[in-house]
Amino acid sequence: MSTVTDYTSDEIMTVTAAHALSGAMACFVGIGLPSTAANLARRTHAPDLWMIYESGTLGAKPGTLPLSIGDGVLAETADTVIPVPEVFNYWLQPGRIDVGFLGAAQIDRYANINTTVIGDYGDPKVRLPGAGGAPEIAASCREVIVIVRQSRRTFVESVDFVTSVGHGKGGTDRADLGLRGAGPSRVITDLGVLEPDPVTRELTLVQIHPGVSVDDARAATGWDLAVSPDLGRTPEPTAEELAVLRALTGK
Amino acid sequence: MIVSLDEGIRELVRDGDTVALEGFTHLIPVSAGHEIIRQGRRDLTLVRMTPDVVYDQLIGAGCARKLVFSWGGNPGVGSLHRFRDAIQNGWPVPLEIEEHSHAGMANRYVAGASGLPFAVMRGYTGTDLVSHTPNIATVECPFTGERLTAVPALNPDVTIIHAQRADRRGNVQMWGITGVQKEAVLAARRSLVTVEEIVDELEPLPGQVILPSRVVTAVAEVPGGARPSYAHGYYERDNGAYQAWDPISRDRDSFARWLETDVFGGAGAAREGGR
């Protein structure tokens with residue numbers, strides 16, 4: 001397979017996220033980068049990927065990238081369309097979904113996520129859209145993958161609001177809360193990949209993208225970033241992956 | 001049973017009511033929202049899982065004093081600027097919020113539709129929603145002792161939805177993505193359904209949802225009543241309109257001009273069957 005050097009940081013982030021999906025996984029897909037990554041995976045190495053959108057479309061196979069979670073193309077190509085309460089009660093809550101994809105406006109060292117508010121809740125600096133399906137996706141999927149661009153504004157010491165629980169205060173905190181899914185297993189950014197430490201659950205840089213240095217990742221992190229001694233390097237996207245991705249996004 | 005849109009809103013929506021206009025990207029009752037603005041309703045508690053552009057418009061027009069919701073945004077575009085202005089600056093009137101997750105809101109409608117006082121679920125645990133939203137509690141399972149989350153039933157005074165078709169007796173037929181609309185109607189004290197068309201006979205379709213006329217208070221024929229969202233089998237989503245809303249809504253003056261021309265202007269009202 002040929003590799004190319006001409007790609008954007010968003011593109012390598014999306015391709016890396018697509019690699020995290022495999023086989024016939026059931027994947028809970030949100031709109032934006034997660035949807036792009038899941039659709040890329042389905043068109044390349046994971047044709048059997050089973051995509052669920054929270055609008056109630058199970059097994060959607062859209063021919064074009066949907067712009068919203070409820071586009072008509074999702075209903076037309078789905079195995080079945082179910083009411084929204086069933087999405088959460090029959091599919092998510094009992095643990096039938098292998099992987100959930102989430103974005104974040106802020107994320108902390110234990111992968112707790114804020115999509116609610118920047119600043120004080122009662123007097124916000126920036127009011128964000130809020131929780132949507134995220135709290136229960138984070139709680140109940142077997143694992144969670146977070147896709148987020150890395151910067152000091154986003155990777156903060158302490159999130160202003162815990163919308164979705166990652167690993168809580170670290171250690172066994174998540175399990176102690178009684179959350180049944182394993183929580184965030186990977187945080188994929190435009191600079192690299194972070195994974196929780198097996199014991200402390202603190203996010204650790206395990207992989208960096210080509211052309212990115214550890215110092216770049218540290219500079220874009222609002223806490224003292226732990227770095228794995230076995231730091232890996234992300235493979236370059238293949239020409240095929242980029243072609244499929246660009247056909248999807250129209251860029 | 002079959003009414004005009006302006007009559008339906010006048011008869012069913014009162015100042016101070018709790019009103020749910022539901023729709024999950026598809027079949028959003030936008031024209032009904034505009035008629036609420038035209039009739040100058042005030043102090044409404046607006047309920048919806050996914051308040052988007054039409055709720056931004058209702059909030060900006062000063063119709064709401066409280067919003068109960070789980071995700072507020074312009075899907076695929078960004079923030080709701082009138083919603084933000086109301087929360088951050090109290091403009092045009094202060095807006096109280098009660099915030100949930102989708103799972104919580106969906107379960108609240110299910111409890112409301114089921115005649116139960118609350119719903120049981122796994123959810124919210126460990127999040128800051130618990131300390132900011134009083135309507136989230138824990139309950140012990142009487143059989144296993146397990147701690148679970150409880151949320152109270154939602155029973156709107158009136159639920160408004162948009163559907164593809166109704167017959168002349170007021171039976172409603174909808175298909176495609178039907179979201180939480182059935183539950184929201186069954187949970188409500190009164191309901192208004194706007195439809196693309198009223199037909200003599202409803203032809204059965206695979207995957208359809210039927211709301212029998214006995215649970216529907218009134219039906220109004222409003223072709224295009226979900227625009228700029230879509231009606232499966234009738235018209236596509238106008239993605240450009242969602243993008244165009246962003247600059248219009250950023251600024252109070254441009255929003256006021258939009259209200260004047262597109263909602264209060266004669267053409268907009270006539271198109272939507274308003275007064």
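This report describes the chain contact, salt bridges, cysteines and backbone features of a predicted model.

## Contact between chain A and chain B

The contact draws 38 residues from chain A and 42 residues from chain B. Together the two chains bury about 3,400 Å², and 61% of this area lies on carbon and sulfur atoms. On the side of chain B, Gln88(B), Arg122(B) and Ile177(B) account for 16% of the area buried against chain A, more than any other three residues.

There are 18 residue pairs in polar contact between the chains, with both residues at pLDDT 80 or more. Four elements of chain B each provide at least two residues of the side that touches chain A: helix H4 (81-89), strand S5 (96-99), helix H5 (102-114) and helix H6 (129-132). The largest share, five residues, belongs to H5(B). By class, the residues on this side of chain B are 17 nonpolar, 19 polar and six charged. One salt bridge is counted between chain B and chain A. Its partners are the side chains of Glu99(B) and Arg127(A), with an N to O distance of 2.5 Å.

## Salt bridges within the chains

Over all chains, the structure contains 24 salt bridges. In chain A, Asp79(A) pairs with Lys61(A), and their closest N and O atoms are 2.8 Å apart. This pair links distant parts of the chain, 18 residues apart: Asp79(A) lies in the loop between helix H3 (72-77) and strand S4 (80-81), and Lys61(A) in the loop between strand S3 (57-58) and H3. Lys61(A) is partly exposed, at a relative accessible area of 37%. A further salt bridge joins Glu157(A) to Arg109(A), with closest N and O atoms 3.2 Å apart. Glu157(A) is in the loop between S10 and H6 of chain A and Arg109(A) is in the loop between S6 and S7 of chain A, so the pair ties together parts that are 48 residues apart in sequence. Glu157(A) is partly exposed, with a relative accessible area of 47%, whereas Arg109(A) is buried at 18%.

In chain B, Arg189(B) and Asp157(B) form a salt bridge in which the closest N and O atoms are 3.5 Å apart. The two residues are 32 residues apart, with Arg189(B) in the loop between helix H7 (181-187) and strand S11 (190-199) and Asp157(B) in the loop between strand S8 (147-152) and strand S9 (158-167). Arg189(B) is exposed, with a relative accessible area of 57%, while Asp157(B) is buried, with a value of 18%. Chain B also holds a network of salt bridges that links Lys66(B), Glu96(B), Glu98(B) and Arg108(B).

## Cysteines

The structure has zero disulfides over all chains. Cys27(A) is in no disulfide, and the nearest cysteine sulfur, that of Cys141(A), is 8.1 Å away. Cys27(A) is buried, with a relative accessible area of 0%. Cys63(B) is likewise buried, at 0%.

## Helix H2 of chain B and the segment after it

Nine of the nine residues of helix H2 (residues 30-38) of chain B are buried, so this helix is largely enclosed by the rest of the structure. Among the buried residues are His34(B), Glu35(B) and Arg38(B). Gly40(B) follows H2(B) and has a positive phi, near 70 degrees.

Asp43(B) lies in the loop between H2 and strand S3 (44-48) of chain B. Although Asp43(B) is not a glycine, its phi is positive, at about 60 degrees. Asp43(B) is partly exposed, with a relative accessible area of 43%.

## Loop residues and cis peptide bonds

Gly166(A) is located in the loop between strand S10 (143-147) and helix H6 (173-176) of chain A. Gly166(A) is buried, with a relative accessible area of 0%. Leaving aside residues up to four places away in sequence, Gly166(A) touches Tyr110(A), Ala111(A), Asn112(A), Arg174(A) and Pro184(A). Pro184(A) is 18 residues from Gly166(A) in sequence, with the C-alpha atoms 5.8 Å apart in space. Ala111(A), in the loop between strand S6 (106-107) and strand S7 (113-114) of chain A, has a positive phi near 60 degrees. Ala111(A) counts as buried, at 1% relative accessibility.

Chain B contains a cis peptide bond from Trp91(B) to Pro92(B), with omega near 0 degrees. Pro92(B) lies in the loop between H4 and S5 of chain B. The peptide bond from Arg227(B) to Pro228(B) is also cis, with omega near 10 degrees. Pro228(B) is in the loop between strand S13 (218-221) and helix H8 (239-250) of chain B.

How values were computed: Residues are numbered from 1 along each chain as its sequence is written. Chains are lettered from A and ligands numbered from 1 in the order in which they are written. Side-chain values use heavy atoms; hydrogens and water are left out. A disulfide is a pair of cysteine sulfur atoms within 2.5 Å. Buried means under 20% relative accessible area, exposed over 50%, partly exposed in between (1.4 Å probe, protein chains only). Contact means heavy atoms within 4.5 Å. Buried area is the accessible area (1.4 Å probe) that two parts lose on being put together, summed over both. A salt bridge is a side-chain nitrogen of Lys or Arg within 4 Å of a carboxyl oxygen of Asp or Glu. A polar contact is a pair of N or O atoms within 3.5 Å; within protein, one must be able to donate a hydrogen and the other to accept it, and residues adjacent in sequence count only if both atoms are side-chain atoms. Ala, Val, Leu, Ile, Met, Phe, Trp, Tyr, Cys and Pro count as nonpolar, Asp, Glu, Lys and Arg as charged, and the others, Gly among them, as polar.
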